[in-house]
Amino acid sequence: MCGRYAASRRPEDLAGLFEVEKWVPEETLAPDWNVAPTKSVYAVLERPLKDAADRRPVRQLRALRWGLVPSWAKSPEGAAKMINARAETVHEKPSFRRAFESRRCLLPADGYYEWVTGAQERELEEKGRRKRARKQPYFVTSVDGSVMAMAGLYEFWRDPTLPPDHPQAWWATCSVITTEAETEPFAMATPSVSAEPGPRSLAEIHPRMPLLLTPDRWAAWLDPARTDPEELRALLAPPAPGLVRAYPVATAVSDVRNNGPELLTELAAPEETTLF
């Protein structure tokens with residue numbers, strides 16, 4: 001799954017990387033090293049500009065709320081539960097089907113966090129001796145340090161309790177598409193992975209991961225003219241393995257109130273020493 005990620009790149013840099021034609025400075029977001037559900041995040045998408053005579057799709061950098069609210073929802077209360085959409089079923093689920101056909105986006109990230117529960121902790125939890133097991137966070141990021149482009153969907157929801165001209169009458173929300181985690185060993189070992197027992201692949205950290213799209217698929221994924229579900233499903237194939245690495249980080253990231261570049265600091269070994 002994807003329940004937390006880091007996004008610290010400047011909008012100017014993202015605009016250049018993704019060949020964005022339009023972004024609004026008023027939507028500039030502060031760097032965020034601990035992005036949690038319901039926060040505002042950057043998304044790259046293509047759609048006509050509002051009130052423009054030319055209705056051609058324009059590639060834009062927009063600020064969206066993470067946690068998709070379907071257009072037909074009666075309220076936004078379930079948004080925090082709609083942060084992920086499974087690649088295997090996104091084309092048929094009522095909450096995601098319409099967005100999948102015409103409202104797709106890219107969600108830029110430095111990387112994402114995933115948590116591993118240690119074997120002894122899991123055993124205690126199963127026996128009911130602990131209410132909540134402690135988990136070791138890992139940060140998953142590109143081997144070469146480049147920006148990750150996570151496949152996403154976006155939607156617009158109209159708040160019926162507000163007048164049409166109210167600035168919060170419309171919600172723009174998004175969701176991250178996930179796929180099965182890679183089972184191949186990490187391409188780039190780190191001291192913590194090679195010197196201490198630990199996960200050797202993404203699948204050993206968590207069975208799911210964000211669907212990452214390489215640059216050769218960006219244009220096709222963003223093109224709103226592509227609406228055939230079967231053609232779009234072909235774009236959901238995971239990229240070749242070996243593009244990412246993972247390393248343990250401090251458990252401070254588990255508290256969403258903590259936010260800063262120090263959260264990405266690689267630990268020499270996991271804080272929990274009995275993970276595997």
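Good morning. Strand β6, residues 84-86, runs parallel to strand β11, and three bridges join the two. Strands here are DSSP runs labelled E of at least two residues, numbered from the N terminus, and two strands pair if DSSP finds at least two bridges between them. Within this pairing, Ala-85 has Ile-177 of β11 as its bridge partner.

A word on the source. This is a predicted model, in which local features need pLDDT of at least 70 and side-chain atom pairs count only at pLDDT 80 or more, while totals for chains, interfaces and linings use all residues. Residues are numbered from 1 along each chain as its sequence is written, and side-chain values use heavy atoms, with hydrogens and water left out.

Let us stay with β11, residues 170-180. Nine of its 11 residues are buried, where buried means under 20% relative accessible area, with a 1.4 Å probe and protein chains only. Strand β5, residues 58-66, is also parallel to β11, with two bridges; here Arg-65 is partnered with Thr-173.

The antiparallel neighbours come next. Strand β10, residues 148-158, is joined to β11 by seven bridges, and Gly-152 is the partner of Val-176. Strand β12, residues 208-210, pairs with β11 over three bridges, Met-209 being the partner of Thr-179.

Finally, the cysteines. How many disulfides are there? A disulfide is a pair of cysteine sulfur atoms within 2.5 Å, and by this rule the count is zero. Cys-105 is in no disulfide, as its nearest cysteine sulfur, that of Cys-174, is 5.6 Å away. Cys-105 is buried, at 0% relative accessible area, and Cys-174 is likewise buried, at 0%. Thank you.

Note on methods:
Buried < 20%, exposed > 50% of the residue type's maximum accessible area, 1.4 Å probe, protein only. Helix = DSSP H or I, 4+ residues; strand = E, 2+ residues; numbered from the N terminus.
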